[in-house]
Amino acid sequence: MFEVGDYVVHGNNGVCKVEAVQTMDGIGADKKRVYYTLVPLYTSGSKLFVPTDSTKVVTRSVMTKKEAKKLLEEWNEIETLWIENDKKREEIYKEALRSCDCRQWVKLIKTSYQRNQSRMEKGKKATTSDERYLHMAEENLFGELAIPLQMTRGEAEDYFIAQVKMG
């Protein structure tokens, strides 16, 4: 169970801070069920109320500094999600995002980046789908990396790019 003040990744909401752990009062609320009050870090004015026993959406702890460094070191070994069929690739991208797994996000980022490079070499533009999913995966990954590295999301992105280019 998470504690007040913990940073977690919650589904497509990205990094959230646990603001409270309590039962809910109100019409229709199960007064015996315990909820997390989660505040997304990168979405202002938003709060989520998530049952602590919910398994519908992945909620996990933010990676540690050691795990963040390891992920960056392993960048080159992490394979891509290369799929020729556009519909199937979009399904795989959605699954990667929903997984809340940093390695899956890296796979998506690498795949989209390589596809975009390949298309540009042929004089074509990146697909809207690749651009959209690339952006979401980058937002998730850099938003999470920022926490253990004690940086802003933008600084985490710059740091990530510098580390990956050196490796």
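The following chat goes through a predicted model of a protein chain.

Q: What kind of model is this, and what pLDDT does the chain average?
A: It is a predicted model, in which local features need pLDDT of at least 70, side-chain atom pairs count only at pLDDT 80 or more, and totals for chains, interfaces and linings use all residues. Residues are numbered from 1 along each chain as its sequence is written, and side-chain values use heavy atoms, with hydrogens and water left out. The protein chain averages a pLDDT (the predictor's confidence in each residue, from 0 to 100) of 90, and 96% of the residues score at least 70.

Q: Which element has the lowest mean pLDDT?
A: That is helix 5 (residues 153-166) with 85, while strand 1 (residues 7-10) has the highest, 96. Helices (H or I, at least four residues) and strands (E, at least two) are DSSP runs, numbered from the N terminus.

Q: OK, and in what order do the elements run?
A: From the N terminus on, the order is β-β-β-β-β-α-α-α-α-α, which comprises 5 helices and 5 strands.

Q: How many residues does helix 4 have, and which of them are buried?
A: Helix 4 (residues 128-146) has 19 residues, and its buried ones (under 20% relative accessible area, with exposed over 50% and partly exposed in between, using a 1.4 Å probe and protein chains only) include Tyr-133, Leu-134 and Phe-142.

Q: Switching topic, where is Tyr-42?
A: Tyr-42 is found in the loop between strand 3 (34-40) and strand 4 (48-51).

Terms used. Expected span 1.5 Å × (residues − 1).
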